[in-house]
Amino acid sequence: IWSLGVEEQFYLVWPLILCATGSGRAIGLVVTVLLGWPVQRWLRQGHFSHPSVDDALFSVTFDTILWGCLAGLVLNRWPALVGRLVSSWSGLAAAGLLSLCYLGSAWVPPGIVPQVRGLAFGWLFLWLEQHPNGSGARLLNWRPLAWLGRRSYSIYLWHILFCDIRMVQLFGLTGSLLLGLGISCAAYALV
């Protein structure tokens with residue numbers, strides 16, 4: 001649940017920053033922070049703090065969320081430019097970058113994987129927004145995925161209990177996943 005604390009901090013502070021700076025200055029601030037974040041992450045990986053501390057701190061996910069905010073700010077400020085830049089092939093390129101990040105590759109050095117992943121997700125979201133009738137949007141609107149998407153936050157909140165090795169040993173992988181999905185759906189329905 002630590003990541004909920006990260007998101008809560010972010011979503012409480014981000015609107016205040018937007019109000020204080022305005023969207024134009026916020027773009028410059030976001031770009032500056034995003035360019036400096038890999039340095040901050042590198043410094044924290046054993047250079048100025050214990051390496052295990054980094055896994056449970058704000059620095060792990062902050063820039064990923066910030067890439068999405070940058071995409072929204074840019075789309076709001078320059079919609080025509082985004083429309084020209086986000087070609088039909090660029091979504092495929094963003095998906096390829098994500099694949100490299102998750103599958104591991106010598107093309108993406110480990111130290112910048114979070115930055116590349118955040119950039120690729122931001123670009124992919126812009127691409128989906130610009131191509132609402134494209135194959136990517138159709139896939140995400142497929143009924144089973146839409147159903148899962150509506151429950152995704154509940155699944156996110158409960159998954160840690162059911163991905164635990166003890167649960168898998170007790171119920172098996174399939175049983176653990178189904179139990180987690182069932183509890184998540186019940187929580188979604190009750191809330």
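Mentor: Start with the rule for elements: helices are DSSP runs of H or I with at least four residues, strands are runs of E with at least two, and numbering goes from the N terminus. By that rule, the protein chain runs α-α-α-α-α-α-α-α-α-α from the N terminus on. The model is predicted: local features need pLDDT of at least 70, side-chain atom pairs count only at pLDDT 80 or more, and totals for chains, interfaces and linings use all residues. Residues are numbered from 1 along each chain as its sequence is written, and side-chain values use heavy atoms, with hydrogens and water left out.

Trainee: How many helices and strands does the protein chain have?

Mentor: The protein chain has 10 helices and 0 strands.

Trainee: Why does serine 184 count as buried?

Mentor: Buried means under 20% relative accessible area, exposed over 50%, and partly exposed in between, with a 1.4 Å probe and protein chains only. Serine 184 has 2% relative accessibility, so it counts as buried. This serine lies in helix H10, residues 165-190. Over the protein chain, 29% of the 191 residues count as buried.

Trainee: What lies 2.7 Å from a polar atom of the side chain of serine 184?

Mentor: The backbone oxygen of glycine 180 is at that distance.

Trainee: Which residues is serine 184 in contact with, leaving aside its neighbours within four places in sequence?

Mentor: Contact means heavy atoms within 4.5 Å. On that basis, serine 184 touches Ser154, Ile155 and Trp158.

Trainee: What makes leucine 126 count as buried?

Mentor: Its relative accessibility is 9%, so leucine 126 counts as buried. Leucine 126 is in helix H6. Leaving aside neighbours within four places in sequence, its contacts are Ala71, Leu75, Val82 and Val86. Take valine 82: it is 44 residues from leucine 126 in sequence, but 7.8 Å away in space, C-alpha to C-alpha.

Trainee: Which residues in H3 meet H6?

Mentor: On the H3 side they are Asp63, Thr64, Trp67, Ala71 and Leu75. Their partners in H6 include Pro114, Arg117, Leu126 and Gln130. By class, this contact has 6 nonpolar, 5 polar and 3 charged residues. Ala, Val, Leu, Ile, Met, Phe, Trp, Tyr, Cys and Pro count as nonpolar, Asp, Glu, Lys and Arg as charged, and the others, Gly among them, as polar.

Trainee: What share of contacts in the protein chain between residues at least 6 apart in sequence join residues at least 24 apart?

Mentor: The share is 67%.

Notes:
A polar contact is a pair of N or O atoms within 3.5 Å; within protein, one must be able to donate a hydrogen and the other to accept it, and residues adjacent in sequence count only if both atoms are side-chain atoms.
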